Amino acid sequence: MGGDGNNSTSGGSTLAATYPVNTLMELKLAPTGTTIRGLIYTTDEISNSIVLKKSLVHTTLSSEITVINAGSVMESKALDVSKKDIGEESARELAGVSNLDELKVPLPSVSRKALEEREKRAIRLAEESFSHINQKASPEGQKIFDKLLKACNEVVWKGESILVLKEIRVDPPYTADNCSLIINNGANSGGLDEHSLERVKKIVKSAATTQS
């Protein structure tokens, strides 16, 4: 098949249709007319790119990856063993497979919704991680916060103070003596007792000891 010199697709075809994944192809590239062979690894419509994979033999490297701008493809040709475009042994070596039938195995289906959910989760986790960093706090205070977060899970910054489970506050300079119950209307908000406070103090003291 030949390219049009712009995106090497014809009739408005997508790159994925013109360069099917797991297809051995030979591409002639502008402006020098260089010819390159390899296995179509993937394509990207946004960057108009083709990723070509070429397995290497007699080397410590397993394969060579080449990213090609589809617009530079002057000519493209699928290499077919049955048509003697390439020898079977050469095809296996180029693709890095022991049997060419491996290239015919259907690719697993990918759920767009699942990918979007994973992306949202990654963004949410990143935002949570950023919220755990307090630029105004001392390095010691940040270390105490990280230690409490691992132990108690629900830990947030309020100014330069650390709030644990919304009921215990650790103020600068973040020692055990700076830990106290948050009192609302004469009572601690969640019924945390002195035992809970002592536990937080021990964590703070342990973190401070580790730092020193």
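Predicted model: local features only at pLDDT ≥ 70, side-chain atom pairs only at ≥ 80, totals over all residues.

Visitor: How many helices and strands does the chain have?

Guide: Helices (H or I, at least four residues) and strands (E, at least two) are DSSP runs, numbered from the N terminus. Here the chain has five helices and 11 strands.

Visitor: What share of the residues is buried?

Guide: A residue is buried under 20% relative accessible area, exposed over 50% and partly exposed in between, with a 1.4 Å probe and protein chains only. Of the 212 residues in this chain, 30% are buried.

Visitor: Which residues make a nonpolar surface patch?

Guide: Patches are made of residues with over 30% relative accessible area and no salt bridge, where like charges are joined within 9 Å and nonpolar side chains (Val, Leu, Ile, Met, Phe, Trp, Tyr) within 5 Å. Accessible areas come from the Shrake-Rupley method with a 1.4 Å probe, and for residues only the protein chains shown count as cover. In this model Tyr41, Ile65 and Val67 make a nonpolar patch of about 320 Å². Tyr41 belongs to strand S2 (residues 34-44), and it counts as partly exposed because its relative accessibility is 48%.

Visitor: How many salt bridges are there?

Guide: Side chains of opposite charge can pair when their charged atoms come close. The rule for a salt bridge asks for a side-chain nitrogen of Lys or Arg within 4 Å of a carboxyl oxygen of Asp or Glu, and by this rule the count is seven. One of them joins Glu154 and Lys166, at 4.0 Å from N to O. Glu154 lies in the loop between helix H4 (139-152) and strand S6 (155-158), and Lys166 in the loop between strand S7 (161-164) and strand S8 (168-170), so the pair ties together parts that are 12 residues apart in sequence.

Visitor: Where do Lys201 and Glu198 lie?

Guide: Both lie in helix H5 (residues 194-211), three residues apart, which is about one turn of the helix. Lys201 and Glu198 form a salt bridge, with their closest N and O atoms 3.8 Å apart. Lys201 is partly exposed at 22% relative accessible area, and Glu198 is partly exposed at 37%.

Methods. Residues numbered from 1 in each chain as written. Heavy atoms only, no water.
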